[in-house]
Each structure stands twice: as C-alpha cells, then as structure tokens.
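Keep the 3D view open while reading.

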Amino acid sequence: MEGACDQRSSLGLALVLILATFLLFDSYHLNLISRESHIVAPSPSSWENVEDQFHEFHDVLNRTYDANLTDLALAQPPAPLTQNRSVISEASQVNMTATDSRGHAQKQRTRSIPAVELGLRRAREAIRKALLIQGNSSSTWSRPRRTQTSRHKEKEAGDYYVPAGGIYRNAHAFHRSYMEMEKHFKIFVYPEGEPPLAHDGPCKNIYTTEGRFIHEVDLGNRFVTSNPDHAHVHFLPLSITMMVSYIYKPLSHDISPIQRVVSDYIDVISRKYPFWNRSMGADHFMLACHDWGPLASKANPLLYKNSIRVLCNANTSEGFNPTKDVSLPEMNLQTGLMTGMLGGQSALRRPLLAFFAGGNHGPVRPILFKHWKEKNDDDIKVYEYLPKGLSYYEFMKKTKYCLCPSGYEVASPRIVEAIYSECVPVILSEHYVLPFSDVLNWASFSVQIPLSQIPNLKTILQSIPVNKYVQMQKRVKQVQRHFAINQPTKPYDLFHMILHSIWLRRLNIQISS
C-alpha cells in the first residue's frame, strides 16, 4: 500500500498538466443529456418530508430509511409507517417473461424495480427483522449464515467478530446490515483521470484516510466491480488534497481551479456514462479529508445537493447533511502505520486526568488555552507547544481523558489518536457529526462538553464516577477495531466502516434504470 502511494505520486506529477488540459478542453465540447427526460432529482421538499418521519437514528440524523428499516439506533420495534416516497422515482420497467413447458410464452409480468434495487429491498427487509429483536442476547437472534469455509478462515485469521455491547446503538441491526453489505454491496470506480489529481491521495499525513481509501478501491478490493451496471454506488476518485498540492496557488485563497477540475470531471463522466444523469448524482459519492472538501463539492449543484459526500469536515453549520453525507475520521499517520500508537496504561494506572497539546487556531482552542494553558495544575496539562524531551503519545497513554478540541475546522485527528491510546476522548466542538454515529453510541465511550463549560473541565471530569470511567475506557479499547487501518483490510476496520456508512445511505434511495 505504501509503495503504491509513493509510486503513483511520482508518476502522477508528470501527468497532472495533461489531465488538467484534457478536462478543461473537454468541458467546452460537452452536450449533456437533457436531465428533464430522466429521473426527477430529489427536491428539498422530498428531503424534508422524509426527515419529518425520522426520530431515533441520531440527534442530528432525522430521516427514516424506508419506515426505519435501517434505523440502527432504534431501541423499540418501529411503529407502522406509511411507505415513504423514494428519493428517486421509479420510472422505467423491466419486463420478465415466464414460459410453460412447451416453450410458449405463458404470461408477461412487469416489474418497476431493477435487479440492483430488488437486492437492496431484500437487504432492507433483513435489517427490519433484526430491528425487531430486543436486547443483545445471541440466544434470541439467528445470526446470518456463513459457510464453514468462510468461518474457518475468519477464525484462523482472528477476524470473526459479532458486534455486541454498549458501544453500539443497535448491535443486532448493525451486524445484519454489515452482513448484507458484505453479500451485496458493489462499487464502480470511474477509470477516468490520472494521478495525482485522481486515483491517488496522501497516505502519510493528516489526510491519510483520503489516500488510503482511494488506493484501496483502486487496487481492486472485492467490493469493487468492473461492471457499472452491477454497482450500487459510483465513486468519483478525485483527491482534493492532491489538487491543493498541485493546482492551488498558495495564499491566493482562490479554490476556483479545484472546483473547475471537479466540475469538468463530472461533465466528462456524465457524457460518457448514463449513471450520473439517471440518478442526478444520488448514487455517486466523493471522498475528501481536506478542509476544502465541502467547498470543492459546490462545483456541481447536484454533487453538493444529491450525492453522498464522505467528508472529514462534517460541519452541519456549513452544509453537511448527515441524512446523505458521511463523516470521515481524520487521522494523522506520519509513517502510514499505526505502529507505536496503540495501547497504553490500564484505566486505574493513568495518573493524569486530562491532556492536550496543539496549535492555537480555530474558534475553540483559544477558549481552552485561555483557561487551561500551562496552568500550575497536576491533573490537567494543556500545551500549545509540547516541551522538548516529552512524548506526545506517551502523554496520551498515561492520561484518563484526552481533550479533542476542533482546529480550523470541526474534525480533529486527536479523536482517533485518543482511541488508539485507549484514552477516553473529550469532544470539544460545535456542529460536528461524529464518525459512524449512526452505528456507534459515542456517549458510551466519550465525553462531550459544551464550549461554555470549558472553564469547568476539571470539575466535570472529576465528577464522573470511577466505575463509569473504567467502563468507558474499556469501551474505547473495544471500539478501536473500527478505526484501525489494516493492509490487507479486515472485517469491521476503518475501511469497512466507511463502506458501511455509504451502504446505509444508499439503502435510503431507490433508482430506476
């Protein structure tokens, strides 16, 4: 994986001008198919109508998946609801002909849903059944079937895992949904574009998750299909981070060159393939960890409004819509590996109450520094610059609660660093949708403190009972697997959790061929 990252970056540098020239030239010669003759795009009112029926999924996530079919946070069986309108209307029909034993046509049945959508319908029904099950006892739940061969291989590799416990909003529904994803989910990666602007990304910096995902799907992961007709979603393999590095003029504050590349890319694939126009972009997704990912998505109105945007900058006050967008964890792997970051002292052997070290930027950290920076306090250590000779990660591994304030934008790599260090994250942020919060019960393994209460940090943390802290710290260790970067990938790791978040949003729309 690391070699692939480095090799593609070096080769891509030579091709960047060619790609940019091609995209800019081609954009002037595109006659896009009239969208009026295709499926109607989701209107704002259709989003709002669905949102009104959704109550249990997440505090911010207020939209139902076909009568709560994938409402993983649901604690009680869903009440009967009228069938929701599809985000995408069913327009075309597939004719199926049955013949008798003599080979004569006996009857002709017309179905309005393509095969891909029928598979999704069956998946929704399986998830509904899991939602109806109460409690987390495996004795009351029939687990998804697996072959003896697959079970044997998983056990040998130590990968056989069944979600259970308080770290999940609904462990049964999550497990069933994940199994359905493994059986059905397929991604088509558009081959257009060349590194470094497309099919490439950073693997060894604060935007690691962007590059690692792009390279994983480009290397031919089993979820990837070469047949776009079999795909549930279509991936735009653009790297906003690489665009910032190669075509953004430093200090210009002008991101229009980046937006032009994104716009031109969509123009190219919408001319060459029918899928973008068919769904108005609703079954397409982009992935960006750079802070400018949301701004880049505004290059195309349908990308911004309809498509699944997988973003580190998951800020609801800046247009992030958790009903269709995915919050991507931000992490800083300077070596590309988790080596030396995992583990720490046991819960009761951590002498430090709280710790943070980082730059003073953004709206949150100045508040933190005002009240806690380098105070003469043996329990809370807050530094703008860590003194020489002290280890950042060693501090985290001996701290009970790791402070995770937002920086320039809402996301912070310190959340994942805290999880790796088995330190309970303390979220100091506003308008931030936490990663995988449609599945994970963040309240069970983290502390979220309003910015107005930052002066009372010590009092709040010290008031948490010891047994509750020990339980949260144990759950941090349990949730670690969902943020782990593995090569090759493993079930339920970061790559698969990102896929599952995309899968959930795809379950919520229905598209006609």
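Which residue in strand 10 is the bridge partner of Phe355? The model is a predicted one. In it, Cys402 of strand 10 is the bridge partner of Phe355. That bridge belongs to a strand pair. Strand 8, residues 352–357, runs parallel to strand 10, residues 399–405, and the two pair over 3 bridges.

Now widen the view to the sheet. Strands of a sheet pair through backbone hydrogen bonds, in either a parallel or an antiparallel sense. Here the pairing is parallel, in an open sheet of 5 strands with the order 9-8-10-11-12. Strand 9 (380–383) and strand 12 (447–448) are the edges, each pairing on one side only.

Two helices lie across these strands. Helix 12, residues 365–372, lies across strand 8, strand 9, strand 10 and strand 11 (424–428). Helix 12 runs at about 125° to strand 9. Helix 16, residues 466–479, lies across strand 10, strand 11 and strand 12. Its angle to strand 11 is about 95°.

Turn next to a helix pair. Two packed helices are described by the angle between their axes and the distance between the axes. Helix 3 (residues 115–131) packs against helix 5 (residues 171–184) at about 160°, with the axes 8 Å apart. An angle over 145 degrees counts as roughly antiparallel, so helix 3 is roughly antiparallel to helix 5. The crossing is right-handed.

Which residues meet there? Helix 3 brings Ala123, Ala126, Ile127, Ala130 and Leu131. Helix 5 brings His172, Ala173, Arg176, Ser177, Glu180 and His184. By class, this contact has 6 nonpolar, 3 polar and 2 charged residues.

How values were computed:
Residues are numbered from 1 along each chain as its sequence is written. This is a predicted model: local features need pLDDT of at least 70, side-chain atom pairs count only at pLDDT 80 or more; totals for chains, interfaces and linings use all residues. Side-chain values use heavy atoms; hydrogens and water are left out. Two strands pair if DSSP finds at least two bridges between them. Helices (H or I, at least four residues) and strands (E, at least two) are DSSP runs, numbered from the N terminus. Contact means heavy atoms within 4.5 Å. Axes are lines fitted to C-alpha atoms, for helices over the stretch in contact, and angles run from 0 to 180 degrees between N-to-C directions. Angles under 35 degrees count as roughly parallel, over 145 as roughly antiparallel, 65 to 115 as roughly perpendicular and the rest as oblique. A crossing is left-handed if the near helix is turned anticlockwise from the far one by less than a right angle, and right-handed if clockwise. Ala, Val, Leu, Ile, Met, Phe, Trp, Tyr, Cys and Pro count as nonpolar, Asp, Glu, Lys and Arg as charged, and the others, Gly among them, as polar.
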